[in-house]
Amino acid sequence: MSRALNMKTVVLVSLFAVLAGAALVPARRLLAGSTQSLVWSNHMTYDPLDVKVGDTVTFTWSGKLHDVTSTPSPACGGYTSLYEPTEDGDFSVTFNETGTFYYACSVGDHCDEGQKITINVA
Ligand SMILES: [Cu+2]
């Protein structure tokens with residue numbers, strides 16, 4: 001009798017562990033998005049970037065003055081500063097909603113030279 005109960009307990013505990021493990025996997029996926037890195041330069045042009053909610057995009061540069069701003073459209077202008085101009089920068093943004101977002105450098109003619117990017121968040 002006692003042995004049968006113990007077996008039942010073992011089966012239940014094992015079942016619980018399997019179910020708990022299955023429940024944890026998707027939760028972990030939701031919490032940890034992936035990170036995409038951009039080398040932010042006015043000597044490059046940037047294709048639109050597709051990311052998912054929870055993902056992070058980092059903009060890094062060194063040795064030249066740049067900033068990061070958001071813009072209301074893919075056109076240059078209407079800059080809202082997100083990161084002040086600096087010669088060595090490390091800015092990151094994590095997306096918590098879907099949508100299309102535009103970023104540009106507002107220093108000099110950098111945006112017109114191609115230093116802007118469209119990020120699509122699905
Ligand atoms: Cu720049």
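I took helices (H or I, at least four residues) and strands (E, at least two) as DSSP runs, numbered from the N terminus. On that basis I counted one helix and six strands in the protein chain, and reading along the sequence I noted the pattern α-β-β-β-β-β-β.

I reminded myself that this is a predicted model, in which local features need pLDDT of at least 70 and side-chain atom pairs count only at pLDDT 80 or more, while totals for chains, interfaces and linings use all residues. Residues are numbered from 1 along each chain as its sequence is written.

**Strand pairing.** I counted two strands as paired if DSSP finds at least two bridges between them. I found that β1 and β3 pair in the parallel sense over five bridges, with Thr35 standing opposite Thr56 in β3. β3 and β4 (residues 80-94) pair in the antiparallel sense over eleven bridges, and there I noted Val57 opposite Val93 in β4. β3 also pairs with β5, in the antiparallel sense over three bridges, and the bridge partner of Thr71 in β5 is Tyr102.

I called a residue buried if 20 or more other C-beta atoms lie within 10 Å of its own, exposed if 12 or fewer, and partly exposed in between, with C-beta atoms placed from the backbone. Buried residues make up 19% of the 122 residues in the protein chain. For a nonpolar core I took a set of buried Ala, Val, Leu, Ile, Met, Phe, Trp, Tyr and Cys residues joined through C-beta atoms within 7 Å. The largest such core has 13 residues, and those with the most contacts inside it include Trp40, Val68, Tyr103 and Cys111. The elements that give two or more residues to this core are β3 (56-71), β5 (99-104) and β6 (116-121), and the largest share, four residues, comes from β3.

**Contacts.** I set a contact as two residues whose C-beta atoms, placed from the backbone, lie within 7 Å. Not counting residues up to four places away in sequence, Cys111 touches Cys76, Ala104, Cys105, Ser106 and Lys116.

**Tyr46.** I located Tyr46 in the loop between β1 (35-39) and β2 (49-51).
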